[in-house]
Amino acid sequence: MSNEFIDTGVVTGADGLTRPAWAEQSDLLREYYDTEWGMPVRDEHGVFERLSLEAFQSGLSWATVLRKRPTFRAAFAEFDPDAVAAFGDDDVARLLDDAGIIRNRAKILATIDNARATVALRSDGTDLAEFVWSFQPAETPAPVTPSDVPSSSEESVALSKELKARGFRWVGPTTMFALMEAVGIVDTHLLASHRRATSGVWR
């Protein structure tokens with residue numbers, strides 16, 4: 001019998017539940033991990049919000065975006081695609097002056113363009129949520145340690161390509177994989193985490 005230590009990649013919180021170390025960094029991250037991350041989001045509004053926030057997170061920490069999420073929602077009309085699609089120059093100026101969000105002009109403009117592309121998808125008889133979920137893979141990763149979690153996949157590459165072809169921006173394969181994790185399309189919870197296989201999508 002081997003005595004080799006196997007790193008499960010999780011830590012045990014004060015409540016006795018196992019989570020990845022990043023989810024134990026703050027109460028905010030713990031709550032997000034326990035109740036939101038990886039749970040199925042199948043409505044257009046919800047997927048558009050998460051797509052937008054994943055784009056703003058690019059190059060930054062998720063904790064930064066999560067702390068600012070209430071202000072983001074207020075600034076972007078609760079991420080209603082129709083409302084954001086109607087944003088004009090005055091709205092861009094307002095957003096660039098809002099210290100409560102991430103004031104990146106390129107990401108702000110991409111969010112507005114993505115809202116317009118989201119609205120345009122409906123003319124094809126689909127919506128953003130249905131479209132994104134159509135790239136669900138046949139299998140999901142089964143990571144033991146954080147290093148086992150992929151940063152992209154064949155499906156996220158294909159999703160990125162198709163979204164770009166439909167006018168979406170800031171939707172690279174890595175960002176799209178993060179979106180797929182966030183909305184439950186793939187389950188990348190570590191095998192030893194208390195959240196593994198709790199979404200109802202994967203077993």
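How many nonpolar, polar and charged residues are in the lining of the largest cavity, by class? The lining has 5 nonpolar, no polar and 5 charged residues. This is a predicted model, where local features need pLDDT of at least 70, side-chain atom pairs count only at pLDDT 80 or more, and totals for chains, interfaces and linings use all residues. Residues are numbered from 1 along each chain as its sequence is written, and side-chain values use heavy atoms, with hydrogens and water left out.

**The largest cavity**

- The structure holds 1 cavity of 30 Å³ or more. On a 1 Å grid over the protein atoms alone, a cavity is a set of points where a 1.4 Å probe fits but cannot get out, and lining residues have an atom within 4 Å of a point.
- The volume of the largest cavity is about 90 Å³. A volume is the space filled by probe spheres set on grid points, which are joined across faces, edges and corners.
- Its lining includes Y32, W37, W62, R69 and A182.
- Helix 2 supplies the largest share of this lining, 4 residues. Helix 2 and helix 3 each give at least two. Helices are DSSP runs (H or I, at least four residues), numbered from the N terminus.
- Ala, Val, Leu, Ile, Met, Phe, Trp, Tyr, Cys and Pro count as nonpolar, Asp, Glu, Lys and Arg as charged, and the others, Gly among them, as polar.

**The largest pocket**

- The largest pocket has a volume of about 560 Å³. A pocket is an open set with protein on both sides within 12 Å along at least five of seven lines.
- It is lined by 23 residues, and W22, W37, W62, A178 and E181 lie nearest its centre.
- Helix 1, helix 2, helix 3 and helix 9 (173-182) each give two or more residues to this lining. Helix 9 gives the most, with 4 residues.
- By class, the pocket lining has 14 nonpolar, 7 polar and 2 charged residues.

**Helix 3**

- Helix 3 (residues 62-75) has 14 residues, so at 1.5 Å a residue it should span 20 Å; its end C-alpha atoms are 18 Å apart, which agrees. The expected span is 1.5 Å times one less than the number of residues.
- Helix 3 bends by about 55° at R69, and the proline P70 follows within four residues. The bend is the angle between axes fitted to the seven residues ending there and the seven starting there.
- A77 follows helix 3, and its phi is positive, near 50°.
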